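Hello,

Here is the structure I said I would pass on. My notes on what was found in it follow below.

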Amino acid sequence: MAEVLVYVDHVDGAVRKPTLELLTLARRIGEPVAVALGAGAADTAATLAEHGAVKVLTHDASEYADYLVVPKVDALQAAHEQVSPAAVLVPSSAEGKEIAARLALRIGSGIITDAIDLEAGDEGPVATQSVFAASFTTKSRVSKGTPVITVKPNSAAVEAAPAAGAVEALAVTFSDKATGTKVTARTPRESTGRPELTEAAIVVSGGRGVNGAENFSIIEALADSLGAAVGASRAAVDAGWYPHTNQVGQTGKSVSPQLYIANGISGAIQHRAGMQTSKTIVAVNKDPEAPIFELVDYGVVGDLFDVVPQLTEEIKTRKG
């Protein structure tokens, strides 16, 4: 069976969930070979093996932390030359998509971004995408070279599938451009204790109907009762009620959780573009004609200030 390269997104050896999802998808089309780079790369092996990696190619160098993107592209290109894979899978983050695009250009291949599913095809992997503000679902494949595919978080379940996970050193020669853009400072993101928005299994969002920054505590309380991330519509962000880093939509972040709860959000097309691929959508809105109700699996016509606190208390009671 052909091998499939999987780029590992990790923090000092702790593998992030989207990578484990990629391993699930990689097993559908071949044997996963993980590529882990930077500090703690070798520490990823056990987790990767537990989730199906037959091999783990590792390389550590200061360039991965000190310079942007290009050293990682150099390493993936080296892995591609070593393995000759059937496909290369990369998490669909901002950095991941830049890495994938640069790699595809270097190896003369086609690229598919923001896939939400992947399956084996007679002429190569077939990727499913949600396009044109989530108005259409398409299936496509790369017709030239090795397919390079970025996959959105929450597109597949994390599945244990123990494999050998043999660790091999990857030989990497950095290009002249690897040191072109130096990282001069880093500021750690302030932790809220909640899941990362784009990776969360449950997202609770608030919109114009929340009617003020002080009222987002209602949204946060519901999110915390569910162990969810908090999102916001563009209207709420533009009004200064919640940080832009939490904006869901075409000009914010794109999410695809198992459960999305929209509170006081009308359902404008730009918001729908960022959450329409969610597996189950619930909306609370006092306007029965709100466009969001065209999209939902479950809708509650009511005042969020009445509905959401009751829902939060019921969840807490059931958790008991």
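The protein splits into domain 1, residues 3-169, and domain 2, residues 202-319. Bear in mind that this is a predicted model. Taken over C-alpha atoms, the centres of domain 1 and domain 2 are 31 Å apart. Seven residues from domain 1 and eleven residues from domain 2 make up the contact.

On the interface itself: domain 1 and domain 2 bury about 650 Å² between them, and carbon and sulfur atoms account for 53% of that area. Of the area that domain 1 buries against domain 2, 63% comes from Ala133, Lys152 and Asn154, more than from any other three residues.

Polar contact between domain 1 and domain 2 comes to two residue pairs, both at pLDDT 80 or more. Sorted by class, the side of domain 1 that touches domain 2 consists of four nonpolar, two polar and one charged residues.

One residue was also looked at individually. Histidine 51 sits in the loop between α2 (45-50) and β5 (55-59). Is histidine 51 buried or exposed? Its relative accessible area is 9%, and the cut-off for buried is under 20%, so histidine 51 counts as buried. Leaving aside residues up to four places away in sequence, histidine 51 touches Leu20, Leu23, Arg27, Val158, Glu159, Ala160 and Ala161.

Regards

Methods. Residues are numbered from 1 along each chain as its sequence is written. This is a predicted model: local features need pLDDT of at least 70, side-chain atom pairs count only at pLDDT 80 or more; totals for chains, interfaces and linings use all residues. Side-chain values use heavy atoms; hydrogens and water are left out. Domain bounds come from an automatic or database domain assignment. Contact means heavy atoms within 4.5 Å. Buried area is the accessible area (1.4 Å probe) that two parts lose on being put together, summed over both. A polar contact is a pair of N or O atoms within 3.5 Å; within protein, one must be able to donate a hydrogen and the other to accept it, and residues adjacent in sequence count only if both atoms are side-chain atoms. Ala, Val, Leu, Ile, Met, Phe, Trp, Tyr, Cys and Pro count as nonpolar, Asp, Glu, Lys and Arg as charged, and the others, Gly among them, as polar. Helices (H or I, at least four residues) and strands (E, at least two) are DSSP runs, numbered from the N terminus. Buried means under 20% relative accessible area, exposed over 50%, partly exposed in between (1.4 Å probe, protein chains only).
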